[in-house]
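Have a look at the structure on the screen, and I'll talk you through what I picked out.

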Amino acid sequence: MAETIAYANAFSTSRDNALVSAYLEGNDHAFQILVSRYQGKLINYINTLVHDYELAVDLGQETFIRVFRYAHRYRGDYQFSTWVYRIATNLAIDELRRRERKGRFSLRQMIGLFEKDGKPLPIPDVRPSPERALDGKERLERLQAAVDSLPPKYRLPFLLKEVEDLSYEEICNVLQISMGTVKSRIHRAKMLLREKLAGIL
Amino acid sequence: MNCREVQKILTEEIQLAESAEVRKHLEACRQCRDLHRDLRGLQELSGELKGRTDVPPFFTERVCSRVSGRSRAAYWSLAAAAAGLVVLAIGIANLAGLSTETDGKARPQAMNGGERIQRIEPDNRAETASRKGQPDVFYLGGEGWGSQEPDRSNFGSQNGVPRVVPKTSSSGYVLELPATIEVRQTQAVNDFYLENVSH
């Protein structure tokens with residue numbers, strides 16, 4: 001019994017790569033640990049992009065299914081989290097594009113996706129009225145609106161860095177862009193957000 | 001260290017702003033100090049976007065069920081357990097009196113002004129109707145039909161018009177039908193109508 005518990009504890013703290021290997025050798029428990037490890041962050045990340053909880057759950061599920069359907073292709077020379085986030089990001093972007101084609105876009109999302117040349121559209125004034133201070137919820141809503149108004153090329157690296165806590169290297173692998181590009185885009189994202197959120201930061 | 005170098009540090013790795021070199025620059029440069037303040041605020045506010053979404057129950061099991069045979073079995077066992085709980089809850093609710101059925105027989109029912117009407121069983125009704133001078137009746141409310149002799153004291157159908165009267169002895173209502181009116185049933189089990197007949 002003690003050996004079983006020790007084994008389970010050691011397993012639950014294993015590195016992602018070891019768990020993927022264990023899963024490929026037929027251990028379903030390793031798979032469950034990986035899902036449990038990433039499900040919360042992943043669903044939150046997708047929901048931040050698509051603003052639809054049910055859809056975020058569905059896409060989160062689809063992400064894991066794809067991860068493990070193609071687990072045998074995972075080479076282990078980059079972090080497992082990178083792979084998971086890349087699939088989730090692609091699914092979320094596909095969904096946003098599908099909405100775009102169907103014309104089911106909110107104005108906020110349209111501002112973000114239709115901007116292709118890097119030149120920001122006119123920035124909505126999200127500064128608070130001077131009469132009163134904003135409470136925490138309002139500040140968060142303003143942040144979300146400002147983030148949504150960023151072009152995807154700035155929004156995605158910003159969210160991956162500041163909300164998902166991925167390293168620059170991981171973001172490079174998720175988005176398949178160079179380190180210099182990642183850093184410059186995050187820099188640009190922060191400068192735009194600072195401008196949009198002037199007065200409440 | 002110049003402003004450009006400091007701003008690069010602030011936007012890329014703001015935690016490095018605690019170094020003596022950067023702090024010295026911030027003390028002397030208001031522009032960079034403001035940037036530092038705003039980026040700190042942005043970092044804190046962005047942190048509140050973390051973990052705002054709940055994971056639905058059985059998420060792991062649902063995923064497992066789609067990628068693994070063994071996990072699928074575990075998922076269905078959980079689903080079966082959940083379904084069992086639902087059935088149990090319905091059973092308890094029925095026992096607690098949410099249903100007026102007491103003898104386990106399926107009885108045809110109709111709705112009338114939000115009240116559940118329990119109709120007499122066809123055989124019982126025939127027996128009741130055969131009583132000379134006795135009107136055919138329905139109970140409305142939470143009583144089983146025929147389990148108790150109706151309180152006739154409040155019956156008062158006049159001029160052949162049916163009417164509903166509250167029971168004095170217990171909760172519920174009684175619908176009195178004159179002997180010239182019968183309840184007929186169509187082929188559909190729950191479809192009833194009143195018809196004028198002569199006995």
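One term before anything else: I call a residue buried when its relative accessible area is under 20%, exposed when that area is over 50%, and partly exposed in between, using a 1.4 Å probe and protein chains only. Bear in mind that this is a predicted model, where local features need pLDDT of at least 70, side-chain atom pairs count only at pLDDT 80 or more, and totals for chains, interfaces and linings use all residues. On bookkeeping, residues are numbered from 1 along each chain as its sequence is written, chains are lettered from A and ligands numbered from 1 in the order in which they are written, and side-chain values use heavy atoms, with hydrogens and water left out.

So, the two chains. Helices here are DSSP runs of H or I with at least four residues, strands are runs of E with at least two, and both are numbered from the N terminus. Chain A has 10 helices and 0 strands. Chain B has 6 helices and 7 strands, and along its sequence the order is α-α-α-α-α-β-β-α-β-β-β-β-β.

What share of each chain is buried? For chain A, 49% of the 201 residues are buried; for chain B, the figure is 34% of 199 residues. Now contacts, meaning heavy atoms within 4.5 Å. If you take contacts in chain A between residues at least 6 apart in sequence, 61% of them join residues at least 24 apart. In chain B, with a separation of 6 or more, residues 24 or more positions apart account for 30% of the contacts.

On to the aromatics. Rings of Phe, Tyr and Trp (for Trp, the six-membered ring) pair if their centres lie within 6.5 Å; planes under 30 degrees apart are stacked, over 60 edge-to-face, and the rest tilted. Over all chains, the search turns up 10 aromatic pairs. One of them is A:Tyr45 with A:Tyr85, edge-to-face, with 5.3 Å centre to centre and 75° between the planes. A:Tyr45 sits in helix H3 (residues 28-50) of chain A and A:Tyr85 in helix H5 (residues 80-102), so this pair ties together parts that are 40 residues apart in sequence. Both A:Tyr45 and A:Tyr85 are buried.

A:Phe68 and A:Phe80 make a tilted pair, 6.3 Å centre to centre with 45° between the planes. Here A:Phe68 comes from helix H4 (residues 53-69) of chain A and A:Phe80 from helix H5, 12 residues apart. Buried or exposed? A:Phe80 is buried, with a relative accessibility of 1%, and A:Phe68 is buried as well, at 5%. These two also belong to a cluster linked by ring pairs, made up of A:Tyr23, A:Phe31, A:Tyr38, A:Phe68, A:Tyr74, A:Phe80 and A:Trp83.

Next, A:Tyr168 and its lysines. A charge sits over a ring if NZ of Lys or CZ of Arg is within 6 Å of the ring centre and within 35 degrees of the ring normal. A:Lys161 lies over the face of A:Tyr168 at 4.9 Å from the ring centre, and the charged end of A:Lys183 sits over that ring too, 5.3 Å from its centre.

A:Tyr168 is also one of the buried residues of helix H9 in chain A. H9 (residues 168-175) has 6 of its 8 residues buried, so it is largely enclosed by the rest of the structure. What covers those buried residues? The cover includes H5, H8 and helix H10 (179-196) of chain A, together with helix H1 (3-12) of chain B.

That brings us to the interface. The contact takes 40 residues from chain A and 32 from chain B. Buried area is the accessible area (1.4 Å probe) that two parts lose on being put together, summed over both, and for these chains it is about 3,500 Å², with 60% on carbon and sulfur atoms. On the chain A side, A:Leu140, A:Arg194 and A:Leu201 lose the most area to chain B, together 17% of what that side buries.

Last, the cysteines. A disulfide is a pair of cysteine sulfur atoms within 2.5 Å, and the count over all chains is 0. For B:Cys3, the nearest cysteine sulfur belongs to B:Cys29, 3.7 Å away. The sulfur of B:Cys29 is 3.6 Å from the closest one, in B:Cys32, which is too far for a bond. B:Cys3 is partly exposed at 28% relative accessibility, while B:Cys29 is buried at 12%.
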